[in-house]
Amino acid sequence: STWSDEFLGTGLNNTKWNATNAAYTKNNEAQYYISTYATVGSGIMTLRSDNVPRNGRQYSSAEVTTRNKFSQKYGRFEAKAMLPKTQGIWPAFWMLPASGGWPPEIDIMEMLGHEPNKVYMSNHFGVWPNNGYQTTPFTGPDFSLGYHTFTVDWDPGRLQFYVDDVLRATHTTNVPAEPFYIILNTAVGGDWPGYPNGSTVFPQFYRVDYV
């Protein structure tokens with residue numbers, strides 16, 4: 001492997017990861033990402049999400065990226081994780097271009113917290129605002145109840161997405177061909193998942209065994 005993290009230390013390895021401090025203006029999300037919510041211990045990276053207001057946002061959550069620290073064109077990208085759930089919770093394992101542009105974007109795993117047994121695998125392409133995407137859903141077990149692997153094999157002209165080592169989607173249209181960096185995050189609220197309500201449970205934890 002060219003890069004990996006098994007989270008064996010007592011803190012986030014800042015030679016590999018950036019922990020975000022920001023409120024992004026995208027997707028009408030409602031979280032502030034605070035770096036202290038990304039923690040490492042007992043071989044697990046934990047991204048916390050809770051209903052603590054921070055810097056003008058109603059919720060606090062965590063995001064880590066490898067931007068400016070690791071990027072690669074093509075290869076296998078995999079994470080083993082136990083996902084957070086309940087209404088308005090939106091964990092993801094995805095990638096963006098090292099060049100800073102958008103699109104393209106590769107989403108290895110996204111899950112909407114009110115449907116914890118369904119994950120989405122996507123490729124975004126084109127030139128904004130005339131951009132497009134291809135998404136394949138996969139319905140399986142409740143991904144919040146145990147650890148599962150989420151993988152993409154990215155080759156020239158082909159993305160093959162796996163859940164627990166079983167091929168679940170192949171995309172061959174508009175496959176990107178430039179170095180990407182890795183992102184793991186939990187958004188709270190937004191146009192796609194909707195917003196937390198009385199059924200939402202806080203705090204939530206996105207637990208990652210390795211990347």
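The structure is a predicted model, in which local features require pLDDT of at least 70 and side-chain atom pairs count only at pLDDT 80 or more, whereas totals for chains, interfaces and linings use all residues. Residues are numbered from 1 along each chain as its sequence is written, and side-chain values rest on heavy atoms, with hydrogens and water left out.

The chain contains zero helices and 16 strands (DSSP runs numbered from the N terminus, helices being H or I of at least four residues and strands E of at least two). Its radius of gyration, 16 Å, is close to the 17 Å given by the globule rule for 211 residues, so the chain is as compact as a globular protein of that length (the radius is taken over C-alpha atoms, and the rule is 2.2 Å times the number of residues to the power 0.38). Along the principal axes, the C-alpha atoms fill a box of roughly 45 × 35 × 35 Å. Of the 211 residues, 53% are buried (under 20% relative accessible area, with exposed over 50% and partly exposed in between, for a 1.4 Å probe and protein chains only). Among contacts (heavy atoms within 4.5 Å) with a separation of 6 or more, 66% join residues 24 or more positions apart.

R67 is located in the loop between strand 6 (63-65) and strand 7 (75-82). With a relative accessibility of 36%, R67 counts as partly exposed. Residues up to four places away in sequence aside, R67 touches N18, G100 and Y181. The C-alpha atoms of R67 and Y181 are separated by 5.5 Å, although the two residues are 114 residues apart along the chain.
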